[in-house]
Amino acid sequence: MLSNVTNLNLAGAELPEDFFEWLETAAVVHLNISNAKIDVPGEEWRWCGPRLEVLDISGLQLKKLRLTRGCNLRKLFAKDNQLESAFLDAPTLEAVDLDHNLFSDWLIIPLGTSLEKLETLSMSGNLLTSLPPGALTHFPLLQHLDLSRNQISNIEHDAFPSLGMQIISIDLSHNQLTSLPHPVLPSLLYLDISSNNLNEMSPLLFAGMPLLQHLKIGNNPEVFSKCGQKCWSDHVDVLTNLVDIDLSNCQISKPIDFSKSYSLKSISLRGNQITTLDGGLLPPTLSILDAGENLVHYTSNFSKRTGTLRDLRLDGNPLICDCSLFEIRDQLLNQSRITDAASYYCFSSAWQHPLHPYLASLRACLPSSSSILPSLVTAFLICVCIVLLIIISLIAAHRLCGSISYTYKRLALDIPVRL
């Protein structure tokens, strides 16, 4: 009765013992038996129908997976099992989801086999501890790799092929990495290495990722621990296409210069130890800045950044009630939590004030004495120059008058008499 069915959803169903025999000759193209009740012989999945292209065998308590040549599967979903090993010899595969299993070793790919059509590989939530040499050489067209939430502490320098890799996104978050190799990944757009144990970063890492747009490094508290006068972050401007960067919870205390990252639109510095926020170190294209939960007291040089900066988050900072906040008043008043006095506040002397009413009555800073002094000096010098010119003119006029000769004649005192 089901011999001609092409799309079949049996998720959670109780399947008969002869199901596997049926599958070997069935015309089904899309099959979903996730969480079905079935006794799989040897807890190993090795069946693949002649026309089957999409298969979901998630939640079947499988321990082994074996797909041999001749299987025409394009998409395989086998998450939420107990898989410890997977033998893949199916060149037609385009996407493989093996999330939430018990893999501690890498996939088994037969020698000489290349999964040339595989574009997406996800093994999140397993027990992997390393990425061995040549791990990705069998996947020349791989575009999306998710190895998050494993126990990876080491990535061999030749785990990635030296040429021909077209990968677009890599997620290595929530692992145990202390350092990273620097492969050449010319097509990479997204890299997530957050929530690791990184204590150093090579500047060469960025040189091999010319198109990178999204960089997530947050929750690596030691990543700046070896930075002195020079730091890997000094080379972020090499990423000329970078759109957003996440450096939250990295124990940053020194300012980072992003002013030359002309494509950067979003920066997250939340949960660090920053005490001052200098708008002059931000890129002119910045639209979103999250600097919440730091130690920021003062902000400065934001007058030239407020044109593009639309979202500025400073919640949880011990701001000083100062007129310098006027430069960012509009951005702060647009925050949804600005009326929450527990999130936005400022200090004046020993008093803590809610920030919202303070900003509502805030006025721009008057010119400081330091800004008036140059003007006064300039005016004084101009006056001195004018006085000197007048004195020089008078002296010159006096000398000119002294050089003119005059002839004096005696005036007649008697009245002339006519003879």
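I began with Asp18, which I located in the loop between β1 (7–9) and α1 (19–25); helices (H or I, at least four residues) and strands (E, at least two) are DSSP runs, numbered from the N terminus. The model is predicted, so I kept in mind that local features need pLDDT of at least 70 and side-chain atom pairs count only at pLDDT 80 or more, while totals for chains, interfaces and linings use all residues. Residues are numbered from 1 along each chain as its sequence is written, and side-chain values use heavy atoms, with hydrogens and water left out.

I noted that Asp18 is partly exposed because its relative accessibility is 45%, where buried means under 20% relative accessible area, exposed over 50% and partly exposed in between (1.4 Å probe, protein chains only). I then found Asp18 in a negative surface patch together with Glu17, Glu21, Glu24 and Asp39; such patches take residues with over 30% relative accessible area and no salt bridge, and join like charges within 9 Å. The salt bridge excluded here is a side-chain nitrogen of Lys or Arg within 4 Å of a carboxyl oxygen of Asp or Glu.

Next I turned to the cysteines, and I recorded 4 disulfides in the structure, a disulfide being a pair of cysteine sulfur atoms within 2.5 Å.

For Cys48 and Cys71 I read a sulfur separation of 2.1 Å and a right-handed link, with 65° about the S-S bond. This pair links distant parts of the chain, 23 residues apart, with Cys48 in the loop between β3 (44–45) and β4 (54–56) and Cys71 in the loop between β5 (64–67) and β6 (75–77). Cys48 counts as partly exposed at 22% relative accessibility, whereas Cys71 counts as buried at 6%.

For Cys227 and Cys231 I read sulfur atoms 1.9 Å apart and again a right-handed link, at 45° about the S-S bond. Cys227 is partly exposed at 23%, and Cys231 is buried at 13%.

I then checked the disulfide that joins Cys323 to Cys365, with S to S 1.9 Å, and its S-S torsion is about 110°, so the disulfide is right-handed. Cys323 lies in the loop between β22 (319–320) and α3 (329–333) and Cys365 in the loop between α4 (355–360) and α5 (369–402), 42 residues apart. Both count as partly exposed, Cys323 at 27% and Cys365 at 38%.

Methods
Patches are made of residues with over 30% relative accessible area and no salt bridge: like charges are joined within 9 Å, nonpolar side chains (Val, Leu, Ile, Met, Phe, Trp, Tyr) within 5 Å. Accessible areas come from the Shrake-Rupley method with a 1.4 Å probe; for residues, only the protein chains shown count as cover. Lys and Arg count as positive and Asp and Glu as negative; His and the chain ends are not counted. The place of a charge is taken as NZ of Lys, CZ of Arg, CG of Asp or CD of Glu.
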